[in-house]
Amino acid sequence: QVQLGNFVWGFSKCHTIRFSAMIAAILTTLTILGASAANRSLSSAAYPVKVKDNLLYDAQGRRFFAKGVAYNPRNGNYGQVLGRRDPACVPGTPKFPPLQYYQDPASDDMEDQFKTYLPLIAELGANVVRLYNIDPEKSHDKFMRQAASLGLSVMVPLTRGDWGFLPALPSPKCYYEDLPDYGHAGLNLLTSSKLIVDQFSQYDNTFMFVVANEIDHLEKEGFAAYPCVKALTRDIHRYQKEKGYRKVPLIYSNKDQGGRDRLNIAKYLTCELESPDDVVDAFGLNAYSWCDPEYLSPQGVADFKYSPYENVVKEFADLPKPFLFTEFGCNTGAFETHCPDYKGGRSWVQVGAMFDKMGDFVSGAVAFEFSMENNEYGLVITPGFLQGQNSLKITDNYYALKKQFTEHEVDQATAAKQLPLPQCISKGTADELQRRNRVKEISDWSKLPPTPIEPPTEPEKTLLP
C-alpha cells in the first residue's frame, strides 16, 4: 500500500496499473496542485458556478444556464461512419492521430488540437464544455487555463472506460466484484475518481463532476447498478469534505428511457437513502426526442404541449435539484444531413423552448457533439475526415446552434425554489423497474454497498537466527 495524506492506495493481485504509473499519477497531482493559486486567478468572474436549491448561480449571484457542447474528438474519417454511406464520399487521412474511444482529448499533450477547437466552441456562445474521457495520470492544466480564458467551464467525468469504470453489474457486485485481469471494481473506481477530483477541484471553472453516464445504455444489467451510483456519490461527497475541497457539484447523466423509468431513476438518485451524502447535486437527461422543427396540435397549430418536452416538464419541473439536458440534438428525420457537405441538418429550435417554456427549472443543455464522428452528429468536420478536406470545415448546424445560443438568455427574474427531496422509491417499484427491463439478477436498491477498503497486508515474517 502507498499512502498520500489520508488516502490509501490499494492494489489487488489482479491490478493492471503498475506501481510506477501510480507514483507518476501522484507526482502529477502534486505538481498541478502546487499551481493552484495561479490557475484560480485565470477563472472568469462567473466561476465557480454553485447550486442553490433547484437552480444554478454564478459567482456574482446571477442565474446560470449552461450552454454546452460535448467534446470528444476521435480524429476518425468517413470510413468509420455507422449509417448509410455515400459512395461519392471518400475517407481522408486525419491530420491528427486517431484516438481510441477511451483516450483523453484534453490532456496537455493534446494542445495542438484543442487550442484551435476551444475558441470555436466559445464562438458558439457556449459557456460549458463536456468531457467524456479523463486520464488522471496526465495534466490538464493547459486545457483548463485556455477554457477559463475563453469563459468556458468544464464538465468532468469521474468514471472511465478502460480503468476506473463503474461496471454494469448488480449491486453490490458493481462496487465489490474482483474482476479477472482487472482487480477490485470499487477500489479501482474510487482510486481513479479521487485522482480526478484531486486534479480538477482546484479550478474555479470546473463546472460539475459527472458521477456516471448512462450505465444502462449498452448493458441492461446496468439497471441493477444504480445503488453503486449512489454509493460513489456518497464516497466522493465525503472525500470532498475530508480534503477540504470546493464542493464541485456531482451530476448523474441519464439515458432518456422515457416513460416512468427516467422519473423513478431521478427520484432514486435525488432522495436521501442513508445520508445526505448519497444525494446527487444535479440530474441530467441525455434527450434526443425532439426530432421535428415543430409539433402541431390537431388544429394544425404549432403547440409545445404536443412536443416530447411537455412530459419532461410534467415529470421534472418539481425536481429539488438542478435539471440539465446533459446531451441533446436529434439528427434524424427533418434534421438528417449527409456527406459531403452536411448541408442543413439540425436547426436547434428546441433551445428556444428550453428557455421560453422550461426556463423556470431547466439549468442547461449540452449539444452533442463538437466533431463529426462515426454517428455524424458533428458541428464541425475535423481535418482529413474526407479525402481532399485538409482543413477544418464548419457545418450549417454549427451556425444554427450559434444563432440559438446567442439569441436566448435565461430569465434572471426566476428565483430558485426550495423543494423537498422526494421519497425514495419503494423496493417493489425498483424491483419492477428491473424486471421490466429484463435484468437477470435484481438488486436491492434500498441498500447501498459500503465504501470498499483495501484489507491490510500481512507483515513480513522475520526468521530468528
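Predicted model: local features only at pLDDT ≥ 70, side-chain atom pairs only at ≥ 80, totals over all residues.

Student: What makes a space a cavity, as against a pocket?

Tutor: In a cavity a 1.4 Å probe fits but cannot get out, whereas a pocket is open. The structure has 2 cavities of 30 Å³ or more, and the largest cavity has a volume of about 40 Å³. Its lining includes Asn331, Phe335, Arg346, Glu376 and Tyr377. That lining counts 3 nonpolar, 5 polar and 2 charged residues.

Student: Why is Ser107 called buried?

Tutor: The cut-off is under 20% relative accessible area. Ser107 has 0% relative accessibility, so Ser107 counts as buried. Ser107 lies in the loop between β5 (66–70) and α3 (111–123). Not counting residues up to four places away in sequence, Ser107 touches Phe114, Lys138, Ser139 and His140.

Student: How do you know that Val229 is buried?

Tutor: By the same cut-off, under 20%. The relative accessible area of Val229 is 0%, so Val229 is buried. Val229 lies in helix α7, and beyond its neighbours within four places in sequence, Val229 is in contact with Leu166, Val211, Ala212, Ile215, Tyr252 and Leu269.

Student: How far apart are Val229 and Leu269, in sequence and in space?

Tutor: They are 40 residues apart in sequence and 8.0 Å apart C-alpha to C-alpha. As for what makes the pair a contact, that rests on heavy atoms within 4.5 Å.

Student: What makes a group of residues a nonpolar core?

Tutor: The residues must be buried, belong to the set Ala, Val, Leu, Ile, Met, Phe, Trp, Tyr and Cys, and be joined through side-chain atoms within 4.5 Å. The largest such core has 97 residues, and Phe143, Tyr226, Tyr252, Phe323 and Phe325 have the most contacts inside it. Helix α7 (residues 226–243) gives the most to this core, with 7 residues. There is also a second, separate core of 14 residues, among them Val49, Leu56, Ala66 and Met155.

Student: Which residues does Phe323 contact?

Tutor: Leaving aside neighbours within four places in sequence, the contacts of Phe323 include Asn54, Phe283, Leu285, Val312 and Phe361.

Student: Now α12. Which residues of helix α12 are buried, and how do you know that they sit on the same side?

Tutor: In α12 (residues 427–436), the buried ones are Ala430, Asp431, Leu433 and Gln434. They cover an arc of only 160° around the axis, so they are on the same side of α12. An α-helix has 3.6 residues a turn, so residues three or four places apart point the same way. What covers the buried residues of α12 includes α8 (259–270).

Student: What happens just after α12?

Tutor: Arg438 takes a positive phi of about 60° there.

Definitions and conventions
Residues numbered from 1 in each chain as written. Heavy atoms only, no water. Buried < 20%, exposed > 50% of the residue type's maximum accessible area, 1.4 Å probe, protein only. Helix = DSSP H or I, 4+ residues; strand = E, 2+ residues; numbered from the N terminus. Arc of directions from axis to C-beta. 1 Å grid on protein atoms, 1.4 Å probe; cavity = no way out; pocket = protein on both sides within 12 Å on 5 of 7 lines; lining within 4 Å. Points joined across faces, edges and corners; volume = space filled by probe spheres on them. Nonpolar A, V, L, I, M, F, W, Y, C, P; charged D, E, K, R; others polar.
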